[in-house]
Amino acid sequence: MDHHSVSNNGLEVIQLQCEYRTHWLGSDHLRPQFSWIIQSNQRSTMQYSYHIQVGLDSEDWTQLLWDSGIVVSDQSIQVKYAGSPLQSRTRYYYRVQIQDQQGRTSAWSEIQWWETALLEHTEWQAQWITPEEEWHNPQLESVFQLRKSFTLPENISSARIYATAAGLYELSINGTRVGDEWFTPGWTSYTHRHQYQTYDVTKYLQAGDNAIGISLADGWYTGRLGWENKRQHYGEHKALLLQLHVRYENGKEEIIGTDTSWHSAPSPITLASIYDGEHYDARLEQPDWDQPGYDDSLWSGVKVAELPYDHLIVQENWAVRVTEILTPVEVIHTPAGETVLDMGQNMVGRIRVTGIIPANTHYVIHHAEILDQQGNFYRGNLRTAKQAVHYIANDQQDRKINHAPRFSFQGFRYIQIEGLDHLTDQQLLEMVAGEVMHSDMPIAGSFECSHPLVNQLQRNIVWGQRGNFLDVPTDCPQRDERLGWTGDAQVFIRTAAFNYNIAPFFQKWLRDLSADQRSNGSVPFVVPDVLSVLDEEKGDTELPASAAWGDAAVICPWVMYLHYGDQNLLQEQYSSMKAWVDYIYNQGSHHYLWNTGFHFGDWLALDAKENSYMGATPVDLVATSYFAYSTRIVRDTAVVLGQAADVKLYSERLEQIIQAYRHEFVTPAGRLAAPTQTAHALALMFDLLEERDQQRTATELNNLVIKNDYHLTTGFVGTPYLCFALSDHGYHETAIKLLLQEQYPSWLYPLSKGATTIWEHWDGIKTDGSFWPDDMNSYNHYAYGAIGEWLYRYVAGLDMNESIPAYKKSKIYPRYGEGEITSASAILESAYGKIQSSWIEQEDQRQLEVIIPANTTADIVLDHAILSSIQENGQPLHEIEGIHNIQEMQSTIIITIGSGHYHFVYQYQPISTLV
């Protein structure tokens, strides 16, 4: 390649990323992976070779830590660093140049960078510290303030803070809050893995006097979590660890860290609880407490906390941020006399109040998801979570406030306000804003179609994901739970990956799953695991694990591999994946059936017995089905990782499980023994049947749906697979009717009751307006949103060839909408770039718009198309650049294409004319 004189020839390298991030501050990867996207003005562009350079100077590319040279390869994602060993606290610059198969050479890409943090835990010189008052009374749920004054000379070149807490912390320097992240350091399996954050604080510091201020709250570490009001799951005391590195222009460095010279005092936040909200008492404010020059002589000291350093890791997940601000849509005065504001959307985050309030005002904001049948504020389904924010103004004078809770989040659509009765409705609307908070994942995809209710369903799915992807994938964001339920995560993960880039989010969570996995291979119900300790305290020695829940250990890493092509994560999780299926294998007296222990079964299915949460599908059928599915995935993972002995072992085991399944659950005549929709969907999706029995089972499933008047009866386990099983076996029309069913039970029924998120129950609000019992009735529970994957892959037709991960070869295969949906469009920002599948159907003509990114190919699958009628941009296929192959198989045409933007138009024969 000519490195210097490349013209603008229509070939460009863009969007360089290091481990999914641009400008990544704070890495502890010793061999990070790079990815880039190729833009080309020609169709069928493939990368022929790449060249990566990594250096310490963005201006000088002669002194390099790694120069890959020209590597003949089409790999443009997950390219592993192979240069000199990386050093701590160092910024590295990198750039990429490629050549395509036509011989065109790109210019060098724009320069990107990443910066390492502390690569060795021995580099921590700071001490963990706990406020003295907290030390003596760890039951306090108040927030503490800690501060440190110090003096710096002139000529500061750069400065970094590395900080974490046993609890939650907020950092300020010289009176200014640092960063836009919230709920730091995040929630991990703290006993094994504890994140710290890296901040560039150069602009906050000054020559002369400086001060660091920290607010320290309970959070997940010492606060109330799970049931039975248990606090202090991870430790008795909240604590802080912080290390400031200042570098001067002469090359010298100075380190200031937490130690016994710091001071502490209670803050105006007298309660901060994940479940219960926050209490703020402005009478306790200490103005300028985080400024230099503040007199802290009356403050208490701190104690050194004996906490470890060897489990500290960098921030792995996307940070939690405020991603959107909603304004209330109306003020409601309820029949009970309450003043309620409707935010118009069930959201997760917090309420900010901005305006002037009188001295001595004490207002309270309660949060709720719905109003009751009479139109009154309803908090019953929160169980013991108070979810309330109290604010007490000082008694000096009227003052302008700008207040929102800082260490708690709420799940709500409606807020009830007490104590601001002097304000008019219009003033309330102007003073209140809803700040939406979640892990700040980049948007990855979108789906829309001609049916407005399906579009609303998609919006509800996305809002459910936003509300429950706040650092861990929670079941719900409002009641006294908010836990990382494994079953919910595994059924939804593929839908989640269409909506957002979830790679760092699930990398972090899966590492916590591995850390919390028990020595016998069983996986707890929730990750991070705060429930097993309750069982242990009751003397349970056999800690429970459930099929479909524990299978998250296997399914989630595999989906991550399919979507992002990251073998590293697959390798990292491989021992955890094997441990889970080996645990099942060792259960009970039958190696190949899972017919022992507790299982959630088809949770919340509608075919359950009265007063039961478990559906009618036998739990051993569900468990054995998942045993086969996970064993198959482990076998496939062994193939990817080149583990030949494991390929043999798990292939043989899979065959035995399938035989045991057939012997136990399929009659000699080929009928499934369990007459439920879920049993049939699992058998078809997990490939558990002999070929001769598959169509019969599909027909039975179709009949079960039709007999139920096109309503589903499935729960958490069956719902994600129901429409796939129908569409794959010739009953796509039934799947479409299920999707578009508006009467209970259905995906669209909750919309008729005003739903703006996905519900926990199909009938969270019943047809007569009454509710499910308070003990379990969330209105923001994403699991049933797993239908989103089918919308993207089957309705819009944006799919992949799973043998080549990360959409290296897309499959564009719209199943269309049986005349009920006349257009659909899906877009996905894949690892290689933008993929689009959009179609419009008019009478006997279909239009299909496709975008395939450079360095990839795609198969376009057209059912019932008339080959001679197919045109692309008005030209017959044989004249089109970018078409690699055309296959005609019975009534299906498969067109293999290279990258580019295509517009196909063709005539098709409706199925009725083919019969």
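Visitor: Which helices do the buried residues of H12 pack against?

Guide: This is a predicted model. The buried residues of H12 pack against helix H10 (619-641), helix H11 (644-665), helix H13 (691-707) and helix H14 (719-728).

Visitor: Why is H12 called largely enclosed by the rest of the structure?

Guide: Buried means under 20% relative accessible area. Eight of the nine residues of H12 (residues 677-685) are buried, so the helix counts as largely enclosed. Among the buried residues are Gln 677, His 680 and Leu 684. After H12 comes Asp 687, with a positive phi near 55 degrees.

Visitor: Why is Ile 70 called partly exposed?

Guide: The partly exposed class lies between under 20% (buried) and over 50% (exposed). Ile 70 has a relative accessible area of 44%, so it is partly exposed. Ile 70 sits in the loop between strand S5 (64-67) and strand S6 (71-72).

Visitor: What makes up the nonpolar surface patch that includes Ile 70?

Guide: Tyr 48, Ile 70 and Val 72 form it, with about 290 Å² of accessible area together. A patch residue needs over 30% relative accessible area. Ile 70, at 44%, therefore passes that cut-off.

Visitor: How do you know that S11 pairs with S19?

Guide: Pairing takes at least two bridges. Four bridges join S11 to S19 (residues 263-266), so the two strands pair. They run antiparallel. Leu 146 stands opposite Ser 264 in S19.

Visitor: And what makes S11 and S16 a pair?

Guide: S11 and S16 (residues 208-217) share nine bridges, in the antiparallel sense. The requirement is at least two, so they pair. Lys 148 has Ile 212 as its bridge partner in S16.

Terms used. Residues are numbered from 1 along each chain as its sequence is written. This is a predicted model: local features need pLDDT of at least 70, side-chain atom pairs count only at pLDDT 80 or more; totals for chains, interfaces and linings use all residues. Side-chain values use heavy atoms; hydrogens and water are left out. Patches are made of residues with over 30% relative accessible area and no salt bridge: like charges are joined within 9 Å, nonpolar side chains (Val, Leu, Ile, Met, Phe, Trp, Tyr) within 5 Å. Accessible areas come from the Shrake-Rupley method with a 1.4 Å probe; for residues, only the protein chains shown count as cover. A salt bridge is a side-chain nitrogen of Lys or Arg within 4 Å of a carboxyl oxygen of Asp or Glu. Buried means under 20% relative accessible area, exposed over 50%, partly exposed in between (1.4 Å probe, protein chains only). Contact means heavy atoms within 4.5 Å.
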